[in-house]
Every structure is written in C-alpha cells, then in structure tokens.
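Let's take a walk through this structure together, from the whole chain down to a single loop residue. Have the sequence and the 3D view open as you read.

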Amino acid sequence: MSGRLVEFGYAAGWRLVRGMPGSLARATFRTAADLAYLRRGPAVRRLDANLRRVVGPELPDSALDRLVRQGVRSYARYWLEAFRLPGQSPEQIRRGFRLTNQQLLADAIAAGKGVVVALPHAGNWDAAGAWVAAQGWSLTTVAERLRPEGLYERFVAYREGLGMKIIPLRGGERPPLELLEDRLRQGDVVPLLADRDLSTRGIDVTFFGGRTRMPAGPAILALRTGAPLFTVTMWYEPEAAYGELQGPLSPPATGPLDQRVRLLTQQVADQLAAGIAAHPADWHMLQRVWLDRPQQQVRSPDGSPAQRS
C-alpha cells in the first residue's frame, strides 16, 4: 500500500469512526480483529511468538491461542479508542483512563522537578497522555518520524489536539534529549515508550529471560536532571483503560554514567516485564523484540509447527 493511501486510511479513520455509534464501532473493530487473528499474518505470528516468551513454554498451545486472540482484540480496541479520542471532552477523557497511585505523580509534579515515566506499548498510552493533559499538567513526549511526512504530521496534530507537546525523534532543530531535559527542568511530565528500542544506541537488558535492547533515554534523563523515574503498567478493563504507577526507581548513586544508565535501564526492564506478565493480552508488541533466537515452536499460517525466531 502506498504512503498516500496509508495516510488517507488514517485520516478516514479519524473522521468516520468518531461519528459511528459506539456499539457499531466496537462490533466492527472486534470483527476485524477476529478476522486478522484467523488469517494469522506476519504481525499476528509475531505477537504469538512474543507472548510465548512472556508466558513461557509451559502454557498449552490452546491457552496461548486464546491469549493471542485476546491480544489482537486488545490492539483493535486501542485503535478504536485512538480514532474516537479527539471527539471526547476533558471530563470524558478523565473517566476513560484510571491511574492507580496517581498521588505519586501529583506529588512529584508539585515538587517541580519534572517527571519521567517509562511505559510499554500496552493498553492505551494515548489515553494516558490525554488524561495527564486533562489534569492540567504539562506533558512533552517524543514521536517517531513516520513516512510519509503527511502521516507523521497527522499523528502530531492528533496528539497535540489531546494536549500533548511533541518532539520528533529525528530531524528536529536540537537533539530530543536536550529538549526533554529543558522540559523536565520546566516541570513537565515526560512519558516515553520504553519496551522497544527504535535507535541503534539502545541498552542491552535481560527481558523475560532473553536479551533485548531498550532505549537509554528514560535513565539518561533521570540521571542528568534528578527528575524521578517511574514506570507504569497498562491494561484494559471492560469499562476503561487502566494504569498503575510504580516508583520512583532508585538510580545508582556511584559509578560512571554509562554504567549507571545500564543498571537503571535494567530496573525499567524488570518493572515493565512484571506489568506485562500481569496483563499479557494487552501488550501490543507486533514487532520483533528479542535479539536471541530460542528454539521454540510457533504455529505457521496453516497451524502447523514451525521454528520460532
């Protein structure tokens, strides 16, 4: 599909889905999710492989099948809610996301140092950001530079319309870490997706017993600015998207900066893993995560065993 068609598809989604009755929209997205699950395309097979790493080899294949189906439905729910969020009032946004331990965040913001929050691709991270903005708190985050440029601009406009300030991951006038340091010193909340590295400079960590890389940004920002670093577990309940704040993490007090960044990033990985393990169906990770290649088996599109990568 061409870049212009992809951009048109997202634009149509934001226009059309917002105007659909809620029950019809939910039924449409649930049906689309079930069809995607049954087709077992590359993204669904990757989700299957990722969830097997989370739940371990002991879970029967039939149970993993149910979990993957729930995962595809959860991902479809994220997109349904993303398309409908711009039409919601601040009060609706506050009701649509519920944060456990929110007083920890409020106290940290009141202290004036800014706050770093590392979160996974789980539940509804856009609803979480919109909820922070709806509290009247200033929020700045980073956006991946999508192609075509028009699609990136639509996503920036979408998130800015929800009250977030957006910095491009690449192609900005200044490096994003420098800009985020400035925003933290101004007292902003800085949420960063931290369960998958989009650069070539990630930190090697152990994650569900395997090796992967996670972005160094949350740890670097916390160590350079003194801002508290929290993680958050994200998931869905029938009535709303949920989050549970954990922390602040304890940064290493001594040692070279690169060593402290590695140790603190491993803490982030451990906290994110615990949250994902508690709510695996709501982890929307349809890309490769691990750098090692365990010799486990995954179902091919026809359902037969194949080597998992």
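Start with the contacts, where contact means heavy atoms within 4.5 Å. In the protein chain, 75% of the contacts with a separation of 6 or more are between residues 24 or more positions apart. Keep in mind that this is a predicted model, in which local features need pLDDT of at least 70 and side-chain atom pairs count only at pLDDT 80 or more, while totals for chains, interfaces and linings use all residues. Residues are numbered from 1 along each chain as its sequence is written, and side-chain values use heavy atoms, with hydrogens and water left out.

The protein chain has 11 helices and 11 strands; these are DSSP runs numbered from the N terminus, with helices being H or I of at least four residues and strands E of at least two. Of its 309 residues, 50% count as buried. Buried means under 20% relative accessible area, exposed over 50%, and partly exposed in between, using a 1.4 Å probe and protein chains only.

Now look for the sheet. Five strands form an open sheet with mixed pairing, in the order β1-β9-β8-β2-β5; two strands pair if DSSP finds at least two bridges between them. At the edges stand β1 (97–100) and β5 (189–193), each with a single partner strand, so one side of each has no neighbour in the sheet. From one strand to the next, the twist averages 30 degrees.

Zoom in on β1. Its partner is β9 (residues 240–246); the two run parallel and are joined by four bridges. Phe-97 has Ala-241 in β9 as its bridge partner, and Thr-100 stands opposite Glu-244 in β9.

Next come the helix pairs. Two packed helices are described by the angle between their axes and the distance between the axes. Here the axes are lines fitted to C-alpha atoms, for helices over the stretch in contact, and angles run from 0 to 180 degrees between N-to-C directions.

Take α2 (residues 22–39) and α4 as the opening pair: their axes are 9 Å apart and they pack at an angle of about 140 degrees. That makes α2 oblique to α4, on a scale where angles under 35 degrees count as roughly parallel, over 145 as roughly antiparallel, 65 to 115 as roughly perpendicular and the rest as oblique. Their crossing is right-handed; the rule is that a crossing is left-handed if the near helix is turned anticlockwise from the far one by less than a right angle, and right-handed if clockwise. Among the residues of α2 that meet α4 are Phe-29, Ala-33 and Tyr-37, and those on the α4 side include Val-72, Trp-79 and Phe-83.

The other pair is α10 (residues 217–225) and α11 (residues 257–278), whose axes come within 9 Å and cross at roughly 125 degrees. That makes α10 oblique to α11, and α10 passes α11 in a right-handed crossing. Ala-219, Ile-220, Ala-222 and Leu-223 in α10 do the meeting on one side, with Leu-257, Arg-260, Val-261, Leu-264 and Thr-265 in α11 on the other.

How many of the nine residues of α10 are buried? Eight of them are, so to speak, under cover. The buried residues of α10 pack against β2, α9, β5, β8 and α11. After α10 comes Gly-226, with a positive phi near 80 degrees.

Helix α9 (residues 176–185) has Pro-176, Leu-179, Leu-180, Glu-181 and Leu-184 as its buried residues. What covers them includes β2 (115–119), β3 (140–143), β4 (165–168), β5 and α10. Gly-187 follows α9, and its phi is positive too, near 95 degrees.

Finally, where does Asp-195 lie? Look in the loop between β5 and β6 (203–207). With 0% relative accessibility, Asp-195 counts as buried. Leaving out residues up to four places away in sequence, Asp-195 touches Leu-119, Pro-120, His-121, Met-214, Leu-272, Trp-283, Met-285 and Val-289. Asp-195 and Arg-213 are 18 residues apart in sequence and 8.3 Å apart in space, C-alpha to C-alpha.
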